[in-house]
Amino acid sequence: MIVVMKPSATEEELQRVLQRVEKLGLEAHLSAGESHTIIGLVGETGRITPNAFEVMPGVERAVRVAEPFKLANREFHPQNTVIQVGDVSIGEEKLVIMAGPCSVESRSQLLETAHAVKEAGAHILRGGAFKPRSSPYSFQGLGEEGLKYLAEAREIYGMPIITEVMAPEEVDLVASYADILQIGARNMQNYRLLQAVGKVEKPVFLKRGLSATIQELLMSAEYVMANGNPNVMLVERGIRTYETYTRNTFDINAIPALKQLSHLPVIGDPSHGTGKWRLVAPVAKAAIAAGADGLMIEVHPRPAEAFSDGAQSLKPKRFQALMDDLHLLAAALGRSL
Ligand code: PEP
Ligand code: MN
């Protein structure tokens with residue numbers, strides 16, 4: 001349920017509503033808008049009627065939130081959430097581009113790629129150190145050694161770093177290096193992991209599961225938020241359909257749908273969403289045109305030699321060409337890069 005205060009409501013009237021919420025054993029989440037203050041109620045609200053609040057002085061109306069996601073719901077929090085990572089703001093008019101290799105393969109490969117993506121104007125460096133591979137015989141990542149190379153690249157190039165965390169017991173280790181914690185598609189419904197990243201201070205980059213609905217993605221964001229971490233990004237990275245020409249089917253619908261349903265930043269990942277480098281730039285542009293707040297793009301200096309996801313990785317010069325196009329597109333959409 002949400003309780004919307006009148007623009008004329010006094011601080012005392014607001015406090016009285018908050019006291020009633022507490023007495024009912026519910027949690028209140030305050031969102032102060034330009035004219036209205038909205039109080040989001042979390043807990044077992046089924047047993048109370050909106051009328052219990054509507055009779056109180058200063059209350060304009062109280063309405064039930066039909067969706068099962070509450071903290072992630074735009075009704076709870078009408079303004080966009082902006083996530084601050086160093087100097088980078090995610091969820092504002094300026095688009096945020098995260099780029100780098102699928103896997104951190106070596107110190108030199110990472111630094112070479114970091115240099116290239118920085119030159120092209122990327123804001124955040126990505127690279128996997130713990131890799132969720134479909135085969136146990138495939139490269140599994142460099143682990144902590146990879147995290148060290150990412151941290152070194154951050155120092156050299158002044159870019160925040162994002163990397164995946166796969167297990168609850170590795171959250172503290174990964175969070176001690178990374179600026180943003182990535183939850184991979186395969187772990188979107190690993191509830192113990194979602195709870196664990198909910199308890200740390202670092203923002204979470206939550207990728208949509210291979211066969212997850214939009215509501216399931218939002219419920220996973222709710223897990224992180226309900227555990228205390230409000231800084232979650234929602235990521236469309238393609239879902240599995242009957243189509244086999246592409247690795248996944250990038251669900252463009254999800255971008256405006258998520259923006260409407262939630263206040264959280266929405267990011268598009270056309271690399272995993274297509275699996276083919278020739279499709280990455282067009283789908284990246286489509287994601288931005290549909291309202292995404294940013295992109296994650298895999299870049300590798302020599303895709304043919306990549307340890308993972310070479311087929312969908314852009315060479316630096318193609319990434320640069322995409323960034324040039326994105327400048328024009330952003331301007332046409334009233335955004336910037
Ligand atoms: C990745 O970002 O390299 C990755 C493994 O992504 P996903 O979890 O979306 O497959
Ligand atoms: Mn990858």
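Which residue lies over the face of tyrosine 245? Lysine 276 does, at 4.0 Å from the ring centre (a charge counts as over a ring if NZ of Lys or CZ of Arg is within 6 Å of the ring centre and within 35 degrees of the ring normal). Do keep in mind that this is a predicted model, in which local features need pLDDT of at least 70 and side-chain atom pairs count only at pLDDT 80 or more, while totals for chains, interfaces and linings use all residues. Side-chain values use heavy atoms, leaving out hydrogens and water.

- Histidine 272 and aspartate 309 are both buried (under 20% relative accessible area; exposed is over 50%, partly exposed in between, with a 1.4 Å probe and protein chains only).

**Aromatic pair**
- Phenylalanine 139 and phenylalanine 307 pair edge-to-face, 4.9 Å centre to centre with 80° between the planes (ring centres of Phe, Tyr and Trp, its six-membered ring, within 6.5 Å; planes under 30 degrees apart are stacked, over 60 edge-to-face, the rest tilted).
- Phenylalanine 139 is partly exposed, with a relative accessible area of 22%, and phenylalanine 307 is partly exposed, at 41%.

**Domains**
- The protein is divided into domain 1 (2–63) and domain 2 (83–332), with bounds from an automatic or database domain assignment.
- Their centres, taken over C-alpha atoms, are 37 Å apart.

Technical notes
Residues are numbered from 1 along each chain as its sequence is written. Chains are lettered from A and ligands numbered from 1 in the order in which they are written.
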